[in-house]
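Please keep the sequence and the model at hand while reading.

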Amino acid sequence: MEEIIKGNSKATTELKKLVNLVSKSNSTVLLRGETGCGKDVVAQAIHHSSEREGDLINVNCAAIPSELLESELFGHEKGSFTGADSLRQGRFELSNNGTLFLDEIGDMPMSLQAKLLRAIETKSIQRVGGKKEIKLDLRLVCATHQNIEKKIDDGSFRADLFFRINVFPIEIPTLSERKEDIPILVDHIINEISLNQELVPKFDTSAMRALQEYIWPGNVRELKNVIERAAIIFPNTIIKSNNVKENLIKISLPDRIEEKEGLWDMTGDLPLTKESNNNLTKQNEDFSQLPHPKHYRKWFDYMDKIDLRRHLSEIEINLIEAALQINSGSVTKSADSLKINRTTLIEKMKKLSIRKINDE
Ligand SMILES: Nc1ncnc2c1ncn2[C@@H]1O[C@H](COP(=O)(O)OP(=O)(O)OP(=O)(O)O)[C@@H](O)[C@H]1O
Ligand SMILES: [Mg+2]
């Protein structure tokens, strides 16, 4: 598993522990997490540490047109519909004794959800157009980046199916929750690139710090893209923080790329003042501290535009939800944790459509 999931931050170490634990059992796992955070990677790690003999079979429920998905999952008998010229095994059967990875399960069409539920409950399937029950030794891993609870509320996901798949939920941390992994991930990505490319870039300490300060909405996939971009624009070059901000994350090429060697000397980091040096050391010591509002000033180094209203309301939603969670749904205690009046909290919850976890 060490070779599959890279990183040694606290969050990643916890994740690896969970993967180790769950892979020894046959429980259904539900992987949740933002796009690009490593759901596929964790599914592979679970399969490979499980010692199940069969294959890991992937199905991306969002990528297969819904009219084809049923036969893709359950297979079909010869002649069961026009075009079904021969018997075909579905992905459930192919995953027998192995692991079936249902990716983007939140996109499973409603019409198939009852059939899927039945297959999970009985651990058996019927091919399309067939009557025979085929028993399977099944291990299911599901993944989604969507809010399934919301889909249940609006009627597009069955609650009973959700309870069946939500046996062992694993929340995969975002990259900004495990910034300490960035140097290891960068090394790993550069090693991969060096298999096909002789000259690779090198990130100096200031560049590594700039990578760790960015917020990575696209998570590890976005980091991978940035490093690959670096390998194209700056092979065999020492990259500094300005290059990360100006040329890699914002994607604007240096003015005169042919003179880039000269550019390094000019754009090198200015020496740190005592004060800024202290601030950085403090920041590096504890990533879990509340971000200092001044930190936001840096955001324009990385982005041209920032949706202020949306961002502020997302912060509010997340803090309120977190407060409700640690206070087991108590609005009174949550208001106290957030140092606001109970009535203010209730108003905010209404405005932001935040539901109570349970009644007080
Ligand atoms: N911990 C990790 N160690 C090494 N590589 C990783 C790690 N996490 C993610 N990656 C790499 O980042 C990229 C995105 O990961 P992955 O495809 O698993 O994300 P995902 O959560 O499935 O994304 P999506 O929601 O778009 O399906 C992949 O190239 C993967 O190899
Ligand atoms: Mg994925």
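## Overall make-up

The chain holds 17 helices and eleven strands, where helices (H or I, at least four residues) and strands (E, at least two) are DSSP runs numbered from the N terminus. This is a predicted model, in which local features need pLDDT of at least 70 and side-chain atom pairs count only at pLDDT 80 or more, while totals for chains, interfaces and linings use all residues. Residues are numbered from 1 along each chain as its sequence is written, and chains are lettered from A and ligands numbered from 1 in the order in which they are written.

Of the 360 residues of the chain, 27% count as buried; a residue is buried if 20 or more other C-beta atoms lie within 10 Å of its own, exposed if 12 or fewer, and partly exposed in between, with C-beta atoms placed from the backbone. Among contacts between residues at least 6 apart in sequence, 73% join residues at least 24 apart, a contact being a pair whose C-beta atoms, placed from the backbone, lie within 7 Å.

## The five-stranded sheet

Five strands form an open sheet in the order β2-β5-β8-β1-β9, with parallel pairing; two strands pair if DSSP finds at least two bridges between them. The edges are taken by β2 (56-60) and β9 (168-171), each of which has a single partner strand, so one side of each is left without a neighbour in the sheet. From one strand to the next the twist averages 20°, with axes being lines fitted to C-alpha atoms, for helices over the stretch in contact, and angles running from 0 to 180 degrees between N-to-C directions.

The individual pairings can be followed across the sheet. Five bridges join β2 to β5 in parallel, and here N60 stands opposite D103 of β5. β5 in turn pairs with β8 in the parallel sense over three bridges, with L140 of β8 as the bridge partner of L100. Strand β1 (residues 29-32) is joined to β8 (residues 140-144) by four bridges, again in parallel, and L31 has A143 as its bridge partner in β8.

How many of the residues of β5 are buried? Five of its five residues are, and the strand is mostly covered. In a regular strand the side chains alternate between the two faces of the sheet. In β5 both faces are covered, with T99, F101 and D103 buried on one side and L100 and L102 buried on the other.

G98 lies in the loop between α4 (91-94) and β5 (99-103), and this glycine counts as partly exposed because 18 other C-beta atoms lie within 10 Å. Leaving aside neighbours within four places in sequence, G98 is in contact with R52, G54, D55, L56 and I57. The C-alpha atoms of G98 and H47 are separated by 7.6 Å, although the two residues are 51 residues apart along the chain. E104 lies in the loop between β5 and α5 (110-122), and E104 is likewise partly exposed, with 18 other C-beta atoms within 10 Å.

## Positive phi angles and a buried loop residue

Most residues other than glycine have a negative phi. E104, however, has a phi near 55°, and S328 has one near 45°. S328 is found in the loop between α15 (308-326) and α16 (331-337) and is exposed, since 11 other C-beta atoms lie within 10 Å.

Apart from neighbours within four places in sequence, R127 is in contact with F74, G75, H76, E77 and G90. The C-alpha atoms of R127 and E72, 55 residues apart along the chain, are separated by 9.8 Å.

## The surroundings of ligand 1

Ligand 1 is surrounded by 16 residues, of which the closest are K6, G38, K39, D40 and V220; a residue is near a molecule if its C-beta atom, placed from the backbone, lies within 6 Å of it. The elements that give two or more residues to this shell are α2 (39-50) and α10 (219-233).

By class, the shell has four nonpolar, seven polar and five charged residues, where Ala, Val, Leu, Ile, Met, Phe, Trp, Tyr, Cys and Pro count as nonpolar, Asp, Glu, Lys and Arg as charged, and the others, Gly among them, as polar. Domain 1 (10-173) and domain 2 (179-302) each give at least three residues to the shell around ligand 1, the domain bounds coming from an automatic or database domain assignment.

Key. Two residues are in contact if their C-beta atoms, placed from the backbone, lie within 7 Å.
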